[in-house]
Amino acid sequence: MSEYDVVESAEFETAGDFGADERIPPVVAVVGRPNVGKSTLVNRILGRREAVVEDVPGVTRDRVAYDAEWSGRRLTVVDTGGWLPDAAGLAAAIAEQARMAVDLADVVLFVVDATVGATDVDEAVVDILRRSGKPVLLVANKVDDAATELEAAALWSLGIGEPHPVSALHGRGSGDLLDAVLEALPEPPPPVQTAEGGPRRVALLGRPNVGKSSLLNKLAREDRVVVDDVAGTTRDPVDELIELGGRTWRFIDTAGIRRRYRENQGADFYATLRTQSALERAEVAVVLIDASQSLAEQDLRIISMVIESGRALVLAYNKWDLLDEERRYYLEREIDRQLHNARWAPRVNISAYTGRHVDKLVPALDTALEGWGHRVPTAKLNQFFAELVAAHPHPIRGGKQPRVLFATQAGVRPPRFVLFTTGFLEEGYRRFIERRLREEFGFPGTPVEISMRIREKRGDKGSRRGRK
């Protein structure tokens, strides 16, 4: 189950418990008229040759987003086509792409060719940038030596502040420019304390008497926790270090969740609270399901709780040794019909009593944890979205057709994606996007969270505040 939220321009989601500063990276848009060296500057910022560079105007036509980092801060750098404000035809489409990039940016780098000086087109672009209300840094490019710095100083006449002389080709002044970019950005959020190192943490969840404690004892090869046919023997989460697959894991046995949270009373109420706390401490949850019985509402509720918590998920069907062919047939149909929101979760068929196939838990856990921490490069992600949107555009509703302009992966554990759009995407289309994301990039064993950052129309700020 994905979480779909509208993210306002200045409001970012906080990270989970894992990974340093997993908030949405700020967007830096690089704009300017054709052939002033925007793509060369982008490559200089990235420290590698990603953007196509050619000594012919108009090579870059679309917005192309890349991951970058400077002084420990992650950035999304958006390269744009040459901007001609009064263009027509294809050039007008390119200009509109650049305008959209400015609307979505946190900081704009306006690139001017210092050897040519300010042109009428540059001044027209400056007027548009002023109206955007975004922080703008004036980049005087092609300043390859000290003599050219005098020509760069003449760009003060544009009236948008100090020109930053750089040579995108040779790297001269690029570090100072990036320092200025960080100063223009909002203060970075405090880093989230990581929980790296040590054994991976696995929570055992399930309804009462499903076999959690029996499984823990089998994995530990000794009786670590009390097992009884009476449901509800375990009340407090039990942490155990267990050697499994040549590694040490921290398994957390939890109380069985009997009914809805608000219906629990007495000891069950506190046991459920402790179970939820144990899930928050875990990285991956193994949800045990009694395969000999029909899927219960509690099974589905526990799986939903894991997904909503953003933890990786493995489904373990216990008591598999008790199943006959008829029960296996109906179980497959139940799974297909009722667990549609967790088809991506690795599945293991085990017997906690006999130990059958419990060794298969390790590859299932590794698969889920790998998917939980998987990151897709921004360039590859946007290539995927460009092809997806071109082949399957959002349906037209009320005469409007919202589009995905570009996307970025805001974090991992679980993978979180932010779609920069021209309008609100319908739930069905968002589910389609998630399904195609999984088909293309995998993400087995992990929920995927998708949020939208909708481009605000001028004069329309605050109109969507609080809208989901």
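Where does N35 lie? We'll get to that in point 5, after a walk through the rest.

1. First, the ground rules. This is a predicted model, where local features need pLDDT of at least 70, side-chain atom pairs count only at pLDDT 80 or more, and totals for chains, interfaces and linings use all residues. Residues are numbered from 1 along each chain as its sequence is written, and side-chain values use heavy atoms, with hydrogens and water left out.

2. The overall picture: the chain has 12 helices and 16 strands, taken as DSSP runs numbered from the N terminus (helices are H or I, at least four residues; strands are E, at least two). Of the 468 residues, 51% are buried; buried means under 20% relative accessible area, exposed over 50%, and partly exposed in between (1.4 Å probe, protein chains only). Take the contacts (heavy atoms within 4.5 Å) with a separation of 6 or more: 71% of them join residues 24 or more positions apart.

3. Have a look at strand β12 (residues 312–318). Since 7 of its 7 residues are buried, β12 is largely enclosed by the rest of the structure. A312, V314, A316 and N318 cover one side, with L313, L315 and Y317 on the other. β12 pairs in the parallel sense with β11 (residues 284–290) over 7 bridges, and with β13 (residues 347–349), also parallel, over 3 bridges; pairing here takes at least two DSSP bridges between the strands.

4. Most residues other than glycine have a negative phi, and most peptide bonds are trans. N35 lies in the loop between β2 and α1 (38–46), and its phi is positive, about 65 degrees. N35 is partly exposed at 31% relative accessibility. H357, in the loop between β13 and α10 (361–372), has a positive phi near 65 degrees too and is partly exposed at 27%. The R413 to P414 peptide bond is cis, with omega near 5 degrees; P414 sits in the loop between β14 and β15.

5. Finally, the cores. A nonpolar core is a set of buried Ala, Val, Leu, Ile, Met, Phe, Trp, Tyr and Cys residues joined through side-chain atoms within 4.5 Å. The largest has 34 residues, and V31, W83, F110, L129, L158 and F406 have the most contacts inside it. Helix α2 gives the most to this core, with 5 residues. A second, separate core of 28 residues includes W249, V284, A352 and L369.
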